[in-house]
Amino acid sequence: MKRRLNLAACGLAALLAWTPAIHAQGVPDEPAVGAAVEKLRLAMVDPDRAALEALVADELSYGHSGGRVDTKASFVGDLLSAKSDFVSIELTAQSVRVVGDVAVVRHRLTGATLDQGKPGQVDLHVLLVWHKRDGQWRLLARQAVRTPA
């Protein structure tokens, strides 16, 4: 009996010693990443420079399904000028995986567009990479592929 108590005490001591390390790394923050994805969706439908710039990392690599890659400046600029104009965006089948200060998000994006005044529809599978910096999740990379017919 005494040996079991000693083992339990050792286990508890190890857990308590490990707790600060767990808190230092941070607890996985899937809900906060999901909220950042939603803020980005809203800012893409109704573009706002301040909101977009707060959500997107300076080092952004934004890959389109057609092969074009945007930087932060071109991504934000195209949305604000309506060169890239989302009338609506719906996200489904979303998964969020947080590993340290990086989050990987996958979802299906469907929506209506009005790029340069031309109506269109999009149906894409999207991979997003978010990075937590200074306590805030920022989009670091995005790649879209067309949904197979």
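Begin by selecting β3 and β4, which form a hairpin with two residues between them; in its turn, G100 has a positive phi of about 65°. Helices (H or I, at least four residues) and strands (E, at least two) are DSSP runs, numbered from the N terminus. This is a predicted model, in which local features need pLDDT of at least 70 and side-chain atom pairs count only at pLDDT 80 or more, while totals for chains, interfaces and linings use all residues. Residues are numbered from 1 along each chain as its sequence is written, and side-chain values use heavy atoms, with hydrogens and water left out.

**The sheet**

Keep β3 and β4 selected: they run antiparallel and are joined by eleven bridges. Two strands count as paired if DSSP finds at least two bridges between them. To see individual bridges, select V98, whose partner in β4 is A103, and then E90, whose partner in β4 is T110.

D115 has K118 in β5 as its bridge partner.

Now show every strand. The six form an open sheet in the order β2-β1-β6-β5-β4-β3, with mixed pairing. The edge strands, each pairing on one side only, are β2 (69–70) and β3.

**The helices on the sheet**

Select α2, which packs on the sheet and touches β1, β3, β4, β5 and β6. Its direction makes about 160° with that of β3. Axes are lines fitted to C-alpha atoms, for helices over the stretch in contact, and angles run from 0 to 180 degrees between N-to-C directions. Contact means heavy atoms within 4.5 Å.

The 16 residues of α2 should span 22 Å at 1.5 Å a residue, and its end C-alpha atoms are 23 Å apart, which agrees. The expected span is 1.5 Å times one less than the number of residues.

Then select α4, which lies across β1, β2 and β3 and runs at about 75° to β1.

Return to α2 and colour its buried residues: V33, A36, V37, L40, R41, A43 and M44. Buried means under 20% relative accessible area, exposed over 50%, and partly exposed in between (1.4 Å probe, protein chains only). An α-helix has 3.6 residues a turn, so residues three or four places apart point the same way.

The largest nonpolar core has 27 residues, of which V33, L40, M44, F75 and W130 touch the most other members. Such a core is a set of buried Ala, Val, Leu, Ile, Met, Phe, Trp, Tyr and Cys residues joined through side-chain atoms within 4.5 Å. Its largest share, six residues, comes from α2.

Centre the view on L40. Leaving aside neighbours within four places in sequence, L40 is in contact with L52, L55, V56, F75, W130 and L139.

Select H64, in the loop between β1 and β2. H64 is buried, with a relative accessible area of 17%. Not counting residues up to four places away in sequence, H64 touches D70, R142, Q143 and A144. The C-alpha atoms of H64 and R142 are separated by 8.0 Å, although these residues are 78 apart along the chain. The side chains of H64 and D70 are joined by a polar contact of 2.7 Å. A polar contact is a pair of N or O atoms within 3.5 Å; within protein, one must be able to donate a hydrogen and the other to accept it, and residues adjacent in sequence count only if both atoms are side-chain atoms.

Finally, select D78 in helix α4. D78 is buried, with a relative accessible area of 11%. Beyond residues up to four places away in sequence, D78 touches R68, D70, K83 and S84.
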